[in-house]
Amino acid sequence: MKNLLFLVLLSTWICASQSELICSNGFQLMPNGKCWGLVGQQKNYDDANDMCRKTDGSFMVQLKDDTVGFFEIVRLRSPFVSCNLSSIISSFENAQMASFLSPTRYWNVYLGMRWELQWDDMTLLKNYSRYISGTSQSDPSQSCVQFSVQGSKWSSVPCSTKLPFVCEQPPFERDCGQNCGIIYNNSCYKVFDQKKTFDSAQSVCELYKSNLVSINYYEEFRLVATKYGKAGAYWIGGKMHSDLTIDWNDGSKGEYDEGISVWDGRCLLFNVLDNGIGSTYVGSDCQNEAVFMCKRPVVICKSAEKTEL
């Protein structure tokens, strides 16, 4: 226990000395390096998940069990930030959750995982056993997981059960630039609700020192679809090669997709389904017009600017 406390304090000191991380309104920065926000409304699992997703790309809380991560950059990919307590030993996170909920009247909340033992961000549960008997369904996909403050235990409940829940986001640096929109993982995202050709949309983004949005990982895929919100096809900042690989305008190398197809060109449109659910990418004629989103890294505030804010 002493070794765990030492690592937590050491890693917190290192992070704090290099960046000042904050959370969105309504969220609290926790000692585990995550932003948590309690929602007292009781919802079934799918509705709770949707409410978190529509809160700037949040997930329902994930008490992960990775024993690495003290000095690992997983969520904050900005070159300005060199560390993040992205995930730590789950017994510590369970204690944090119990402490977070204890002052409230909400002692049972959903976790962001179905009983299939996969977190909502697509990562798998590893080496963890805080389960107690619960009401399991014949279909595992209809069995969800609740956290109970008493004993810090997890149990299975039908996904139709209405419970309060906790939304989770990564923290970020305060932005001292202009026209940021929303911040997620130290990037600014701003939707322009006007139709432009691919190159014209990129030119608009460059006016704001941005590029058409790239999608480098699952959480970002989910966020971008949510911010577009309505069913339709929207520009993203990539061009497709004949082998279906993507070159992003911002030079980033990561890529996440749920299928790519060719329509009538190589500039990428992102198909978004009803309710802001992401679907496939389509290679389109660059002269077609579509609504678009710009993305840039946060502009790190100087010390004097931080004091004024």
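Cys176 and Cys301 form a disulfide (a pair of cysteine sulfur atoms within 2.5 Å), with 1.9 Å between the two sulfurs. The structure here is a predicted model, in which local features need pLDDT of at least 70 and side-chain atom pairs count only at pLDDT 80 or more, while totals for chains, interfaces and linings use all residues. Residues are numbered from 1 along each chain as its sequence is written, and side-chain values use heavy atoms, with hydrogens and water left out.

Back to Cys176 and Cys301: the torsion about their S-S bond is about 100°, so this disulfide is right-handed. Cys176 sits in the loop between β11 (172-173) and β12 (182-184), and Cys301 in the loop between β20 (290-297) and α6 (303-308), so the bond ties together parts that lie 125 residues apart in sequence. Helices (H or I, at least four residues) and strands (E, at least two) are DSSP runs here, numbered from the N terminus. As for accessibility, buried means under 20% relative accessible area, exposed over 50%, and partly exposed in between (1.4 Å probe, protein chains only). Cys176, at 22%, therefore counts as partly exposed, whereas Cys301 is buried at 5%.

Cys267 lies in strand β18 (residues 267-273) and Cys286 in the loop between β19 (277-284) and β20, so parts 19 residues apart in sequence get tied together. Both Cys267 and Cys286 are buried.

Now for the strands. Two strands pair if DSSP finds at least two bridges between them. β12 and strand β13 (residues 187-196) run antiparallel and are joined by three bridges, with Ile183 standing opposite Cys188 in β13. The two strands form a hairpin with two residues between them, and Asn185 in the turn has a positive phi of about 50°. β13 also pairs with β20, again in the antiparallel sense, over seven bridges. Within this pairing, Tyr189 has Lys295 of β20 as its bridge partner.
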